[in-house]
Amino acid sequence: MEGSDILSSVFALLFIICLMYHSYTDYQSMLLYDNVNLFLACVGLLRAYYFHFIIFAAQGALALGGIMFLIYLASSGGMGEGDVKLATVLGLWLGVEQGLACLLLAFIGGAAVGVILLLFKQVKNYQPLPFGPFLCFAAMLCYFWGANILGWYWRCFV
């Protein structure tokens, strides 16, 4: 294995571990910790610098952070600040296109699970659901298969 392959694997492992931790804490206590986001941001910036796509990462962070911030403002507390911060960090890792795919998958997944939970009376109307696990799962999908997902999307819908 080459040095860059090993480093890519280390970056991917750190990304997965942090996202799994975020999923767990958000599911258990509806909290996404800033220190985990800060660690993910630092590692993401280091990765972007090492692989020469710092502009790509900055664009992704601005796009995802901006979209989620607007949703946060429009939702009047329905979306948490932690979700906005996590989406911004995910933009560093995924860039604009794969980041947008991540948001789309997270919203579709969250809506589908929410509807199922409501139908089976596992939650009440307006009971908050943690959105972090959906963001994290979608981010992992897009990190590893984002190009394939986008290719399929463009072939089917455009």
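Mentor: Contact means heavy atoms within 4.5 Å. Keep that cut-off in mind as we go through this predicted model.

Trainee: Then let me try it on one residue. Leaving aside its neighbours within four places in sequence, which residues is alanine 61 in contact with?

Mentor: Gly66, Thr88, Gly91 and Leu92, once neighbours within four places in sequence are left aside. Alanine 61 itself belongs to helix H3, residues 54-75.

Trainee: Is alanine 61 buried or exposed?

Mentor: Use the cut-offs: buried is under 20% relative accessible area, exposed is over 50%, and partly exposed is in between. Alanine 61 has 12%, so it is buried.

Trainee: How far apart are alanine 61 and methionine 79, in sequence and in space?

Mentor: They are 18 residues apart in sequence. From C-alpha to C-alpha, the gap is 18 Å.

Trainee: Let's step back. How many helices and strands are in the protein chain?

Mentor: There are 5 helices and 0 strands. Read from the N terminus, the order is α-α-α-α-α.

Trainee: What does the radius of gyration of the protein chain agree with?

Mentor: It agrees with a compact globule. For 158 residues, such a globule would have a radius near 15 Å, and the protein chain has 16 Å. As for the box, the C-alpha atoms fill roughly 50 × 40 × 30 Å along the principal axes.

Trainee: What share of the 158 residues is buried?

Mentor: Buried residues make up 36% of them. The accessible surface of the chain is about 9500 Å², and carbon and sulfur atoms own 71% of that.

Trainee: What share of the contacts joins residues 24 or more positions apart?

Mentor: Take the contacts with a separation of 6 or more; residues 24 or more positions apart account for 75% of those.

Trainee: And charge? How far apart are the mean positions of the positive and negative charges?

Mentor: The chain has 5 positive and 7 negative charges, and their mean positions are 14 Å apart.

Trainee: Where in the protein chain is confidence lowest, and where is it highest?

Mentor: Among the helices, look at the mean pLDDT. Helix H5, residues 132-157, is lowest at a mean of 95, while helix H2, residues 34-50, is highest at 98. For the chain, the mean pLDDT is 95, and 98% of residues reach 70 or more.

Trainee: Now back to contacts. Which residues does histidine 22 touch, not counting residues up to four places away in sequence?

Mentor: Leu32, Tyr33, Val36, Asn37, Leu40, Leu86 and Cys136, with residues up to four places away not counted. Histidine 22 sits in helix H1. Its relative accessibility is 0%, so histidine 22 counts as buried.

Trainee: Asn37 is in that list. Where is asparagine 37 placed?

Mentor: Asparagine 37 is in helix H2. With a relative accessible area of 4%, asparagine 37 is buried. Beyond four places in sequence, asparagine 37 touches His22, Gly82, Lys85, Leu86 and Val89.

Trainee: What is phi of methionine 30?

Mentor: Near 60°, a positive value in a residue other than glycine. Methionine 30 lies in the loop between helix H1, residues 3-29, and H2. Its relative accessible area of 41% makes methionine 30 partly exposed.

Trainee: And what is phi of lysine 121?

Mentor: Near 55°, again a positive value in a residue other than glycine. Lysine 121 is in the loop between helix H4, residues 81-119, and H5. At 70% relative accessible area, lysine 121 is exposed.

Trainee: One more helix. Is phenylalanine 137 buried or exposed?

Mentor: Phenylalanine 137 is exposed, with a relative accessible area of 53%. Its place is helix H5. Phenylalanine 137 and leucine 105 are 32 residues apart in sequence, yet 8.9 Å apart from C-alpha to C-alpha.

Trainee: Which residues does leucine 141 touch, not counting residues up to four places away in sequence?

Mentor: Leu105, Gly146 and Ile149, on that count. Leucine 141 is also found in helix H5. With 24% relative accessibility, leucine 141 counts as partly exposed. Leucine 141 and alanine 101 are 40 residues apart in sequence and 9.6 Å apart in space, C-alpha to C-alpha.

Conventions: Residues are numbered from 1 along each chain as its sequence is written. This is a predicted model: local features need pLDDT of at least 70, side-chain atom pairs count only at pLDDT 80 or more; totals for chains, interfaces and linings use all residues. Side-chain values use heavy atoms; hydrogens and water are left out. Helices (H or I, at least four residues) and strands (E, at least two) are DSSP runs, numbered from the N terminus. The radius of gyration is taken over C-alpha atoms; the globule rule is 2.2 Å times the number of residues to the power 0.38. Buried means under 20% relative accessible area, exposed over 50%, partly exposed in between (1.4 Å probe, protein chains only). Accessible areas come from the Shrake-Rupley method with a 1.4 Å probe; for residues, only the protein chains shown count as cover. Lys and Arg count as positive and Asp and Glu as negative; His and the chain ends are not counted. The place of a charge is taken as NZ of Lys, CZ of Arg, CG of Asp or CD of Glu. pLDDT is the predictor's confidence in each residue, from 0 to 100.
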